[in-house]
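Please look over the sequence and the model shown here before reading the report that follows.

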Amino acid sequence: MKNNTDNYIDLGERGRFSLKNKLNNLTGKEWIKFTKSWFIHRPNRRKEDEILHPAKYPESLVAEFIKFFSKENEWVFDPFLGTGSTLIAAGENKRNGIGVEINEKYFGTCQKRIENLSSTQKLLPLLGSSFEIKSILKKNKIEQQIDYTITSPPYWNQLERNNIRQKPRSEKGLDTKYSTSKDDLGNEKDYYNFIELQAQVFDNVFDITKNKGYLTIITNNVYCEGKLFPLAYDTAISLTKRGKKSWVLKDEKIWLQDDKSLIALGINNAWIGNRHHQFCLVFRKEE
Ligand SMILES: C[S@@+](CC[C@H](N)C(=O)[O-])C[C@H]1O[C@@H](n2cnc3c(N)ncnc32)[C@H](O)[C@@H]1O
């Protein structure tokens, strides 16, 4: 590590780190690389305990976002924690983390994964519903404001509807829905109610986020009963129309999944696409 001028630290192959960098610990070279609007990510195969969860996202992917949108020792949050990928990625990258998960089984898996992680960061998984984030934090005596949130909410009713992809899971006796709880967002049948309820969760996230803090939501448009529901677009729009709690939409990054197999959907009959990408929507709190 070499101090080139008063303003930069030379980190060799990684490039130069500006001491004026307000957002992260990346060099200019790393910063620019991340700003591309799409990426391909091929994660390692999921481990046994991770397969139990029907829609886990890879730690390696979350890590890239955490490293861009926060600095070391800052606080990362996930209101739909699942098996805890966000907290694992936070701990492995010297960030602290808090997450809320409604399903006791996934919460338990998350706790075990954190116990097995050799990290000295504060990693706090909490059991409960994200509709009650503030009271859950209060009950656990956590007053921490959040620097960055990254999460993947349920994709409306997709777990139950996506029969072809879920068939092999149900044959193995694995979960094809998150829970039976009425507060589980994945159990909301009505699309427009879903959009409103999801926005309410992000109102809560808004309240606990520092001004200028970022939020990334990984989601997708979804196909149901012969038509496309623009879930990713409606998510983007709904969060920007919340009065004083409106998030500012900053961008989208597209995760291209070129490792998924093609399924013969609608073949010889009608158009049904193989959706092999996800939207990573980037918002910021600007008061
Ligand atoms: C797409 S998964 C997130 C998976 C997670 N990113 C991971 O890698 O394991 C959505 C999660 O949200 C949880 N969930 C649904 N409604 C919730 C709510 N109201 N509060 C907290 N968690 C909820 C589900 O149980 C599920 O684990």
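Into which domains is the protein divided? There are domain 1 (1-33) and domain 2 (36-284), with bounds that come from an automatic or database domain assignment. This is a predicted model, in which local features need pLDDT of at least 70 and side-chain atom pairs count only at pLDDT 80 or more, while totals for chains, interfaces and linings use all residues. Residues are numbered from 1 along each chain as its sequence is written.

The C-alpha centres of the two domains lie 30 Å apart. Five residues of domain 1 are in contact with seven residues of domain 2, where contact means that C-beta atoms, placed from the backbone, lie within 7 Å.

Around the ligand there are 25 residues, of which F80, G82, S85, S130 and Y178 come nearest; a residue counts as near if its C-beta atom, placed from the backbone, lies within 6 Å.

The table lists the buried residues of two elements (buried: 20 or more other C-beta atoms, placed from the backbone, within 10 Å of the residue's own); helices (H or I, at least four residues) and strands (E, at least two) are DSSP runs, numbered from the N terminus.

| Element | Residues | Buried residues |
|---|---|---|
| helix α10 | residues 231-239 | L231, A232, T235 and L239 |
| strand β5 | residues 75-78 | W75 and F77 on one side, V76 and D78 on the other |

The buried residues of α10 pack against α9 (191-208), β9 (209-219), β10 (222-224), β11 (227-229) and β13 (277-284).

Strand β5 pairs with strand β6 (residues 96-101) in the parallel sense over four bridges, pairing being taken as at least two DSSP bridges between strands, and V76 has G97 of β6 as its bridge partner.

Technical notes. Two residues are in contact if their C-beta atoms, placed from the backbone, lie within 7 Å. A residue is buried if 20 or more other C-beta atoms lie within 10 Å of its own, exposed if 12 or fewer, and partly exposed in between; C-beta atoms are placed from the backbone.
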